[in-house]
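Colleague: I have not worked with this model before, and I would like to learn how to read its features one at a time. Could you give me the general idea first and then the case at hand?

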Amino acid sequence: VASSNRNCSVSRMNNLSILFVVLCALFATSQAHLHATVGNYTLSVGFNVEPAWNLQPNAASLDVENSNGTGVSNLNFTVTIAAGGKSKLVLMKGLYGSPGTYVGRFLPTVAGVYSFMFDGFIPANGNDADTPIHVNFTCGVTYTGGGIVGAFNCVEDLAGYMFPESVPDSRVLAAGIQNATQMAQQAIGVANNATILAERALQEHNTGSESSIMLLFSIMIIVASFVF
């Protein structure tokens, strides 16, 4: 009987632990999205995958619910994603199996601040008129008024979490390749010039001209200038 009681206690503790983890996950998810009231509808905005990392596929996420808390499907939206002084227009598509959820997929290439500007409208329902949607939200900003509450997180840098080896940023690799290409081109130019002077020096030497010594000296200067 004592063993049975202990097993029941352990089972209840495990169930409570699982419930705690689920509640924490739900709380974290809700904190990663902001909520805005537009007409008779509630919009939830954030990144589709949280936390959001650079160089990892993600999407701008928009949930649309009516006053009954039911997701509104078959809507047409676009999102303009802005970051680093650049912008990109993306078509929002309904997320399969999640009525009322729309995603605009993209791959954030840098960590930092992103803004989502959503454009579209919700068609009239019954006696209601069409509800236009034209809203712009920025990550990392906590909204507390005007029917908008909450915040969504910005894109985090993946580099700090790489283990055991860090993968160089693609821009760093591109710059390294460009520098290596330029140095190779310079080396080819130096080699061509040295070859021409060497051929002339050989011709001068064969004819017994003293200028061959000067040509050889010129070759040495050209090679030394590249090396040092």
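Colleague: Which residue takes a positive phi in the hairpin of strand 1 and strand 2?

Modeller: Glycine 39 does, with phi near 65 degrees, in a hairpin that has two residues between its strands. Helices (H or I, at least four residues) and strands (E, at least two) are DSSP runs, numbered from the N terminus, and two strands pair if DSSP finds at least two bridges between them. This is a predicted model, in which local features need pLDDT of at least 70 and side-chain atom pairs count only at pLDDT 80 or more, while totals for chains, interfaces and linings use all residues. Residues are numbered from 1 along each chain as its sequence is written, and side-chain values use heavy atoms, with hydrogens and water left out.

Colleague: How many bridges join strand 1 to strand 2, and how many join strand 1 to strand 10?

Modeller: Strands of a sheet pair through backbone hydrogen bonds, either parallel or antiparallel. Strand 1 and strand 2 (residues 41-47) run antiparallel and are joined by five bridges, and histidine 35 has serine 44 of strand 2 as its bridge partner. Strand 1 is also joined by three bridges to strand 10 (residues 148-150), again in an antiparallel run, where isoleucine 148 is the bridge partner of alanine 36.

Colleague: Which residues of strand 1 lie on its covered face, and which on the uncovered one?

Modeller: In a regular strand the side chains alternate between the two faces of the sheet. In strand 1 (residues 34-38), Leu34, Ala36 and Val38 make up the covered face, whereas His35 and Thr37 make up the uncovered one.

Colleague: What is the order of the strands in the open sheet, and which strands stand at the edges?

Modeller: Six strands form the open sheet in the order 6-7-3-2-1-10, with antiparallel pairing. Strand 6 (93-94) and strand 10 stand at the edges and have a single partner strand each, so one side of each is left without a neighbour in the sheet. For strand 6, the partner is strand 7 (residues 101-106), to which two bridges join it in an antiparallel run, and lysine 93 stands opposite valine 103 there.

Colleague: Is serine 61 buried or exposed, and which residues is it in contact with?

Modeller: Buried means under 20% relative accessible area, exposed over 50%, and partly exposed in between (1.4 Å probe, protein chains only). Serine 61, which lies in strand 3 (residues 58-65), counts as buried because its relative accessibility is 3%. Contact means heavy atoms within 4.5 Å, and, leaving aside neighbours within four places in sequence, the contacts of serine 61 include Ser44, Phe47, Val103 and Phe118.

Colleague: How many aromatic pairs are there, and how do I read one of them?

Modeller: A pair of aromatic rings is described by the distance of the centres and the angle of the planes. Rings of Phe, Tyr and Trp (its six-membered ring) pair if their centres lie within 6.5 Å, and planes under 30 degrees apart count as stacked, over 60 as edge-to-face and the rest as tilted. The count comes to 11 aromatic pairs. One of them joins phenylalanine 116 and phenylalanine 118, whose centres are 6.2 Å apart with 70 degrees between the planes, an edge-to-face pair. Phenylalanine 116 is buried, with a relative accessible area of 0%, and phenylalanine 118 likewise counts as buried at 0% relative accessibility. Both belong to an aromatic cluster formed by Phe47, Phe106, Tyr114, Phe116, Phe118 and Phe152.

Colleague: Which residues other than glycine have a positive phi?

Modeller: Among them are leucine 55, with phi near 65 degrees, and asparagine 74, with phi near 60 degrees.
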